[in-house]
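Work through the exercises below with the sequence and the model open beside you. Each task is followed by a solution that goes step by step.

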2 protein chains.
Amino acid sequence: MQWEQVFASRASRMKASEIRELLKLLDQPDIISFAGGIPDPDLFPKEDFAQAFADLFDGPQAQAALQYSVSEGYLPLRNWIAGRMADLGIVCTADNILITSGSQQALDYLGKLFLSPGDTALVGWPTYMGALGAFNAYEPCYDRLEPNSNRSAADYDAAAKANGGQVKFAYASVDFANPTGVTLDQRAREGMIALADELDIAIIEDAAYQGLRYDGTPVDPILALEIAQKGDIEQCRTIYCGSFSKTLAPGLRIGWAVAAKPVIQRLVLIKQAADLHTSSLNQIALHRVASKGFDEPVAKLRETYSGRRDHMLAAMEREMPEGVTWTRPEGGMFVWVTLPTEIDGAALLAQALKSEKVAFVPGRAFFADGSNGNTIRLSFSCARPAQIDDGIARIGRAIRAALA
Amino acid sequence: MQWEQVFASRASRMKASEIRELLKLLDQPDIISFAGGIPDPDLFPKEDFAQAFADLFDGPQAQAALQYSVSEGYLPLRNWIAGRMADLGIVCTADNILITSGSQQALDYLGKLFLSPGDTALVGWPTYMGALGAFNAYEPCYDRLEPNSNRSAADYDAAAKANGGQVKFAYASVDFANPTGVTLDQRAREGMIALADELDIAIIEDAAYQGLRYDGTPVDPILALEIAQKGDIEQCRTIYCGSFSKTLAPGLRIGWAVAAKPVIQRLVLIKQAADLHTSSLNQIALHRVASKGFDEPVAKLRETYSGRRDHMLAAMEREMPEGVTWTRPEGGMFVWVTLPTEIDGAALLAQALKSEKVAFVPGRAFFADGSNGNTIRLSFSCARPAQIDDGIARIGRAIRAALA
């Protein structure tokens, strides 16, 4: 059978994620990897989850946990999230919240809700490659999101029309972004709201790393700034996407979206048609863990990860040759490295894997136009100090060899 | 904000599922409901799941269960499924299997893989409304799947072209179908293969109820028949969708798709971009439960459900007025009722809820063209004998009142 002849046109845009393909190759114990942006499994609150599942099966919730449930998500969990959102200045109720199977699913559903083929999504340059992957299924064009730049709303609008669609939303990973580690400051966030107001489009605020700030001053979420401007969430165009994957554990696949009710109601319909609901069992167990004590395991994460970040930045200072620059993130998992323009990150990886047994993610896939190949992403979340010292030295050697 | 102006064109086809909206209203204890097609929670192997989660958290798998994992799904679970598939005549390896978050998600991903706007999906008349909901997001047209009818492949092809696309697949719920309870016989299955061969399209075989046969002779899956014809799965156009929701428990959201590798590889890319992977934890736990003993809990289900089916069919014989006809399913959860043409199922439900406190699902939503309003679906899976006697008598009275 000639499958290509019956695939939808969108299938031509489906590509394997470099990161996830890489992850499969990194089982060899002698490779030092800064590639995967995953949490350190040693820090999962394993005992809390064990207890939550044991209690759940021992009590009256066992049947409900194994049964079908509503597409919106488990109400006590949505209420708990609403409380946390209020702490961030996002005043909302459970009706403003949809539970998703990881925040990745929220990105897929938002692409589905907003994008017809040829529509334009405004994204960072670079941006989270998983967002590009999710949106690609809906065949959009991309334009570069630059709040407070000299590009006017009319410029964005004209570019989108020239591509046969309209601008539908601006997407940004806001805190210690994947891949750059950079945080959007308040002025940039307010610039995004102003631009979106002018264009009359949605804002997708990806806050997956929000809980992982190690130092510096917290910046209010875009949705909180917009609520402060406009009075309440029902007047707002920002859709906030959160995740438990970086704070408690990713294996349960639980994230959430917060927005005005008309958006949430549509997302509920999308979820109903796409997978009915997120695991009842996991939602109930995660609610038990989170409501018993969320801040303590997250504080432990912050302490450990911030030490690793410091260690990596110190090693970079020692080991990177001249002409290499990198970011100093206030949180999250990533340092973003810009190499001399003559070095391609993917070629460097191929060489470094072979000669130095060290891994990272080439930066090109984070750019919607595949530009800026002279970049790489390093993750410090799972690396021990000795590995960091050794691994960064190896990368320094690989870069020097490439320059030679 | 005028959200409608930024929604994708597909948003106009998103409607709330009548079944799931109904489920929310049925908490009142005095209503007898045959509406929800859900398993009886009293029959979940609760102790087995409790033990599986306890063992898992107590052993070396705890960290992997809480961590990110590959999009394909947990390899031991895929191997276990491959073994069960072989028992059904579907010889395949783990590389032919994708784990999905319920078989509903497989339907969504298959719509995404095959359907561009205006393409045609061939479906039963009626068919599973959740399949229509999943496919609708990709803006297809529907045509009526009638294997072995006098409609030729050229007729289907011409109709699809007139609608601006091409026929992409034929979808069928094959065993004790939702909503009709009817099983496709071998001749119909072979007719589907012949038609799909002529049209050079895919077949989506929805086998969600496959394990729930109570009597009659098992019919080989379409994919097994096609493998027998063509030699091996890589030559086949059928994509088999299975589910643990009706046999073990739906709350974990675990299903699977089986197909030739080029299809599975695309579906893996779709899953990677859409939700990364199905819950690692749930896949590991479910594998432990299934491999420890799958047949015993399913045998218990069959015994209980078949008794309820018999009880419902006996009550129908007693209580239904003349002019009402219904199916006699060999398995599954549903009896499909055709009312005299002057009675609309939705109007009957509104009346019956009020005057008789009894619920069921009106049949119109199962037809892609919203025709055949004089039908209703009854589920016997959760009803006790006394409720069945009482509830079917109530429906009989409601129908008589509507005819009066």
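**Exercise 1. Describe how helix H4 of chain A packs against H11(A).**

Step 1. Helix H4 (residues 75–87) of chain A and H11(A) pack at an angle of about 35°, and their axes lie 9 Å apart; here axes are lines fitted to C-alpha atoms, for helices over the stretch in contact, and angles run from 0 to 180 degrees between N-to-C directions. The helices, like the strands below, are DSSP runs numbered from the N terminus (helices are H or I with at least four residues, strands are E with at least two).

Step 2. The crossing of H4(A) over H11(A) is left-handed, a term used if the near helix is turned anticlockwise from the far one by less than a right angle, with right-handed used if it is clockwise.

Step 3. On H4(A) the contact is made by Pro76(A), Leu77(A) and Trp80(A), and on H11(A) by Gln283(A), Leu286(A), His287(A), Ala290(A) and Ser291(A); two residues are in contact if their C-beta atoms, placed from the backbone, lie within 7 Å. Sorted by class, this contact has 5 nonpolar, 3 polar and no charged residues, where Ala, Val, Leu, Ile, Met, Phe, Trp, Tyr, Cys and Pro count as nonpolar, Asp, Glu, Lys and Arg as charged, and the others, Gly among them, as polar.

**A note on the model and its numbering.** This is a predicted model, in which local features need pLDDT of at least 70 and side-chain atom pairs count only at pLDDT 80 or more, while totals for chains, interfaces and linings use all residues. Residues are numbered from 1 along each chain as its sequence is written, and chains are lettered from A and ligands numbered from 1 in the order in which they are written.

**Exercise 2. State what confidence scores the model carries.**

Step 1. For the model, ipTM is 0.97 and pTM is 0.97.

Step 2. Chain A has an average pLDDT of 95, and 97% of the residues score at least 70; pLDDT is the predictor's confidence in each residue, from 0 to 100.

**Exercise 3. Work out how chain A and chain B are related, and which elements of chain A touch chain B.**

Step 1. Chain A is superposed on chain B by a rotation of 180° with 0.0 Å of shift along its axis, giving an RMSD of 0.0 Å; the two copies are thus related as by a two-fold rotation axis. The superposition is by least squares on the C-alpha atoms of residues with pLDDT of at least 70 in both copies.

Step 2. The same surface serves both copies, since 100% of the contact residues of chain A recur in chain B.

Step 3. The contact takes 70 residues from chain A and 70 residues from chain B. The helices of chain A that each supply at least two residues to the side touching chain B include H1 (18–25), H2 (46–58), H5 (103–114) and H10 (261–274). The largest share of that side, 8 residues, comes from H10(A), and by class the side has 40 nonpolar, 18 polar and 12 charged residues.

**Exercise 4. Locate two cis peptide bonds in chain B.**

Step 1. The bond from Trp125(B) to Pro126(B) is cis, with omega near 15°, and Pro126(B) sits in the loop between strand E3 (120–123) and helix H6 (129–136) of chain B.

Step 2. The bond from Asn178(B) to Pro179(B) is cis, with omega near 15°, and Pro179(B) sits in the loop between strand E5 (167–173) and H8 of chain B.
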